[in-house]
Amino acid sequence: MSSRNNPNRIKIHRSYTVIEISETLGVHPKTVRNWIHAGLSVIDETRPLLIQGADLKRHLKQKRKTYMQQCEPNELYCFKCKQPKAPDIKSLQFVAMPAGMAHMKGRCDECRGKANKYVSWRDVNQIWTELGGKLPIAEKHLILRGQKPLNYPLAKVFDDEKK
Ligand SMILES: [Zn+2]
């Protein structure tokens, strides 16, 4: 499991130098400078540059969200490749979330890293068949965790699972 570039490692009440960010997140200092060029705010223009933890956290989360929005319907966001990638269908799982959503997760077909995104239960069957899967989706690919998702097209599958 990769913890690189994980916003949760950033403390919001402290400030960081470029080097500290680079070490905390395991990214190249050049990457951090690119974030600054791309709009990550710095506290002031004095050297060394200081970045407020809260600003950094917001920037990373926004970046991740943007990437996730760029995924094609049958792609996942790979945390290792840091971009949308096709998942390995054998690893793919749809986890029930409240409000008719599903957490779609699996392994990146390219690097085997963890990949995920959120989709609507309505789209689960279609995503599955686009990836070459056969319907109905096998139970091991559907995780309910006690949720009763609304508006999903898989009632029969879930009924079977309860037996
Ligand atoms: Zn990957």
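Q: Let's start with Leu-56: buried or exposed?
A: Leu-56 is buried, because its relative accessibility is 0%. Buried means under 20% relative accessible area, exposed means over 50%, and partly exposed is in between (1.4 Å probe, protein chains only). One note before we go on: this is a predicted model, where local features need pLDDT of at least 70, side-chain atom pairs count only at pLDDT 80 or more, and totals for chains, interfaces and linings use all residues. Residues are numbered from 1 along each chain as its sequence is written, and side-chain values use heavy atoms, with hydrogens and water left out.

Q: Where is Leu-56, and which residues is it in contact with?
A: Leu-56 sits in helix α3. Helices (H or I, at least four residues) and strands (E, at least two) are DSSP runs, numbered from the N terminus. Setting aside neighbours within four places in sequence, Leu-56 is in contact with Ile-10, Ile-21, Leu-25, Trp-35, Leu-40 and Ile-51. Contact means heavy atoms within 4.5 Å.

Q: Ile-21 and Leu-25 belong to α1, so which residues of that helix are buried?
A: In α1, residues 18–25, the buried ones are Val-18, Ile-21, Ser-22 and Leu-25. They lie on the same side of α1, because they cover an arc of only 100° around the axis. That arc is taken from the directions from the helix axis to the C-beta atoms.

Q: What covers them?
A: The cover includes β1 (15–17), α2 (29–37), β2 (50–52) and α3 (53–69).

Q: And what follows α1?
A: Gly-26 does, with a positive phi near 70°.

Q: Where are cis peptide bonds found?
A: One runs from Arg-47 to Pro-48, with omega near -10°. Another runs from Leu-135 to Pro-136, with omega near -5°. Pro-48 lies in the loop between α2 and β2, while Pro-136 lies in the loop between α4 (124–130) and β8 (142–143).

Q: Changing topic: which residues are the protein donors of the zinc ion?
A: They are Cys-78, Cys-81, Cys-108 and Cys-111, each through SG, lying 2.2 to 2.4 Å from the ion. Donors are N, O and S atoms within 2.8 Å of the metal (3.2 Å for Na, K and Ca); water is not among the atoms, so sites may look incomplete.

Q: How are they spaced in sequence?
A: The spacing is C-x2-C-x26-C-x2-C. Cys-81 in the loop between β3 (76–78) and β4 (83–85) and Cys-108 in the loop between β6 (101–107) and β7 (114–120) are 27 residues apart, and this pair links distant parts of the chain. Cys-81 is partly exposed at 21%, whereas Cys-108 is buried at 0%.

Q: Why is the arrangement tetrahedral?
A: It is tetrahedral because the four donor atoms subtend angles of 101 to 118° around the zinc ion. Four donors count as tetrahedral if all angles lie between 85 and 135 degrees.

Q: How many disulfides?
A: The count is zero, where a disulfide is a pair of cysteine sulfur atoms within 2.5 Å.

Q: Last one: where is the pLDDT below 50?
A: The protein averages a pLDDT of 85, and 86% of the residues score at least 70. Over residues 155–163 the pLDDT is below 50, and this stretch has 11 contacts in the model beyond near neighbours in sequence. pLDDT is the predictor's confidence in each residue, from 0 to 100. Where pLDDT is low, the predicted coordinates should not be read in detail.

Conventions: Tetrahedral: all angles 85-135°; square planar, octahedral: opposite > 155°, others 65-115°.
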